[in-house]
Amino acid sequence: MKQPGKAEFSPRVEGALAQLFAAGDPRPDFVAGLERQLLAQANESRQATVARDPGGCQSRNALVFLFQRRWVQAAVVLLLAIALAITAIGPQRVLADILRLFGYVPGIGFANLEKTRVLVAPVEVTRDGVTLRVLQVVAGPDRTQVVIRSEGLPREDQLRPAGASLSPHDLEFAGWLRLPDGSTVAPRGYTLRWGGGSLEFPALPTDVYTATLELTRLPLVPARAAPENWQIALALQPATGPLVTALFPQPYRPAAPADTHHDITISVEQVAHTADETVLKLRGTWQNREWEIMSLDGGVYLPALRDDVGHVYGWAPSSSSGSAVLREVVRIPEPTAGPTPVPQPPGVEREFAFAPLSALAHELTLEIEGIEAQEPASGSFHVTIPEGAQVGDRWPLDIHLGVAGFPVHITSVRLYEETLRLPEGPMQRTVLGFDVAEVPDQDGETLAIFYIDSPSPAFQSGPGSRNMGEHKMGVSLALKPGAQLPSGRVDVTIRGASIVLHGPWRVGWPIPGRGGAALAPVPLQPAGATDTHNGLTLRLLELTHTDRLSALDVDLQGAPAGVQLGQVRFWNARTGRNEVYLEDDRGRRIEYGSTNTRWLRPDEPTFQAYRPQAGAQSLVLPPVDPLARRLTLSLPAIDVIRPGSGSFDVTVPAGIGLKTQPNDRPRASDPWELSIALQVAGFEARFTHAQLVELRDSVWLMLSPALGSGPAGGPVLAGLCSPHFASPSGRDARSGKDIAIAEGGPCAANPAFEVLDPASGRIESGVYLVTFTGIAETVPGPWRLSWEIPER
Amino acid sequence: MRELTLAEPATQAPAETDASLAQEALRDPAAFAVLYRRYAGAVHRYLYSRTHNAADADDLTAEVFTEALKALPRYRERGQFAAWLFTIACRKAAGHVRRLRPQVALDEAALAPAASPDPLAETIRQESLTSLAAVLARLDEDQQELLRLRYAAGLTYGEIGELLGRSEAAVKMALRRLVQRLKSEWEGHDEAAR
């Protein structure tokens, strides 16, 4: 890997520069993952080029050249044999036989197992309670892959506390294959996880059927934390169709695998199910050659895989890469110029790993809500910067443009300072930001953002921002470091746009080997699953058990008018732990947070934004033991929303300014003292300080201390609900919730509101009026709801 | 679960030139993989220095190598491979627009444990680098680009010269002056801060 330039002029300065820029070193897993993508892409391109090579004199020469290669001769012989076989015994049967040489190898991925040797069964060695297991070996003509796992190790977080980084000693892992003649083969790459991983070696000699895997240490496990110097003997067998069928899940391709919208076709090319994951290989192709689509994961939501029972399978770390998305990108190359070019639409391929399939499911549906495409766009406009303009100034514009077919209205421009949060510390720069009015969707397409630049020597392309949900966007030019803000005309050019094309693309298919209709689990409404604290009764409304999850709905029972369940608290601040769990009569505890499969009721859409609402709350936990007969749901606390109105004033002093803060914190004012005390619903709310903070291109007032931080034990005032903020000039000031400064839900523990006047771009000083119509109260538990499980 | 992927850094075949690897890569993808391993870190460091965002640098690095792979047949004899590759990287960086990335879901944030504080030595080192970054920010864009290409990307003077259309000697002279300027400004700043 190319290293930063060596010091020649000043070791200290140049060393510091290298350190500064070393913050940009890529993560090793990213480097290795991208290498796999590129290799796959290179192989695919090469094959596509060979396949598409047009006729003509040059091509004949190329064909002669190609045919001199033995692998091409072999391939031609194989193709002839396949053609003859298809003619003789029918296409379906031949296809089935060929597919048997393809498998999904857990820990490796979709693999062509022709001309490979594989491990017939996992082998393991146990020492001092730690087991090293070799799950699979695939020795192919170009590489040898070995998948290993360990059991019995201490937990990673016990040896490495949260936040502790890998030390160089952790990487002192070495492994090799020792061949029967005593020689060794060193790995050329590996993907490591705690005590396991996938090791890749060069191809083994074709006559080698036994080898010994030797490891100095288990991967990523620190020295002396587990037995070291491992040896494990491996015996390989040639992979044959029946063996591959017996050993590996057989990938399949759905019968009707594609859906098309906006001339973009999404097809499911391969599917494989294992006990740990469902892996899909998707292909997207499109007709518009001006589009560049790098991803199939949509502009707004991630692709979702759902079944006919009600499970929505979340993305899962794949066994082969550890990443949720296997970035096996294959860009299908543009057709080369030639006498008879074969038009090939551009495309992209990706693999996605999802949580494992439920045994109840009979059908699967993949849904992709939207796809983002970059496309070229042109146009220009100009803005005139007044003499003496300074940071904080804003002036109106009325510029109408057509960008990629969308009507764009630029309403104003403002000068503001942006703090870049660099790893080495904050850095400020001046930005000329353009405000863009909401751009309406057109024909199921959303203009997500467009890209601008300027020929002016003082400016460069600046940051863009977008909020797809609210159709908001901003574009900007950034003043180059060291440049003086010019006055007068600044030309701006448009050079591209990003469009979100809405679907949904929906591809459904029956799961092979599972006939008939799905057996939908029956929702249960157990009687008497209630608990009472502080005069409030929480009850279990409904629960559904499947082999993948337990879905529970809880709500308040017989609550007074206007009192609603706000949210379930997962975190117990006193113990510092997540304390939502199910416990069965056998003493097993099932913790919240360890399932990545959602439960979808029949009337719910697959894609929905997370917007907490008062009322019944849904929880999804991992599945319970089928032998359990009694369950108890434990919750550390709940938030209850009660009516309770009130108001108070907050004064922003005139002339208050923002200062750069240390430790990568955003610019902020000095905090100033307040004395706000209100009596509401039997609680006293008290705010003692306020501070202005610059976030997301604006300035916000934050009150402290946050409510809910009082002594634990009894109910605590946790927030003010539905707050409204009126500025001194009477405008409605935006709530901090709009930009997620304050927490979600209808109530805020630390009310925050915008003090930057959008019209002037300046901080509006004076008296702000804060009103609210309800309060949130945290009622501590533990809340314990128990019920019997009927015979299943 | 913590995971780590590494390309094996140890035993390397005898070093082949970039040009021969680029030629070989037209037939053998493994040759492109060697080039990739040679330049992945440099390209990423460079793009991070332009975007200040690791995720964006990841995306752009993938785009640079994807485009390089696609354009490899057109590379032939176009001078030094590194200069050609960084021409793509410069163009990608110039076309970069930051996206607002998804925020951590509320309950995930509530479940996340707090990070442990940095040791004092790390703080001092970071402060020193912060002051250097501040000095760097005062340089004009061309000067910053020169430093990025040399100290983030690790290009030689010749490669930078080819990329920027300047002679090797001119690049070396410019860098020497820049480092001397940084030395006086940063070391003065750094000393004053102690």
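Predicted model: local features only at pLDDT ≥ 70, side-chain atom pairs only at ≥ 80, totals over all residues.
Student: Let's start with chain B. What pattern does chain B follow along the sequence?
Tutor: Happy to! Chain B has nine helices and one strand. Read along the sequence, these elements give the pattern β-α-α-α-α-α-α-α-α-α.

Student: How much of chain B counts as buried?
Tutor: The accessible surface of chain B is about 9300 Å², with 54% of that belonging to carbon and sulfur atoms. A residue is buried when its relative accessible area is under 20%. Of the 194 residues of chain B, the share that counts as buried is 47%.

Student: Are helices α2(B) and α7(B) roughly parallel or roughly antiparallel?
Tutor: Good pair to look at. Helix α2 (residues 29-51) of chain B packs against helix α7 (residues 141-152) of chain B with axes 9 Å apart and an angle of about 150 degrees. Angles over 145 degrees count as roughly antiparallel. Therefore α2(B) and α7(B) are roughly antiparallel.

Student: Turning to chain A, which strand holds Pro504(A)?
Tutor: Pro504(A) is worth a look for its backbone. Most peptide bonds are trans. The bond from Gly503(A) to Pro504(A), however, is cis, with omega near 5 degrees. The strand in which Pro504(A) is found is β29 (residues 488-510) of chain A.

Student: Is Arg224(A) buried or exposed?
Tutor: Arg224(A) sits in the loop between β11 (210-215) and β12 (230-238) of chain A. Its phi is near 65 degrees, positive even though the residue is not glycine. Exposed means a relative accessible area over 50%. Because Arg224(A) has a relative accessible area of 76%, it is exposed.

Student: In which loop is Asp443(A) found?
Tutor: Most residues other than glycine have a negative phi. Asp443(A) has a positive phi of about 50 degrees. At 73% relative accessibility, Asp443(A) counts as exposed. Asp443(A) is found in the loop between β24 (425-436) and β25 (445-453) of chain A.

Notes
Residues numbered from 1 in each chain as written. Chains lettered and ligands numbered in written order. Heavy atoms only, no water. Axes fitted to C-alpha atoms, helices over the stretch in contact; angles between N-to-C directions. Helix = DSSP H or I, 4+ residues; strand = E, 2+ residues; numbered from the N terminus. Parallel < 35°, antiparallel > 145°, perpendicular 65-115°, else oblique. Buried < 20%, exposed > 50% of the residue type's maximum accessible area, 1.4 Å probe, protein only. Areas by Shrake-Rupley, 256 points an atom, 1.4 Å probe, with all protein chains shown as cover.
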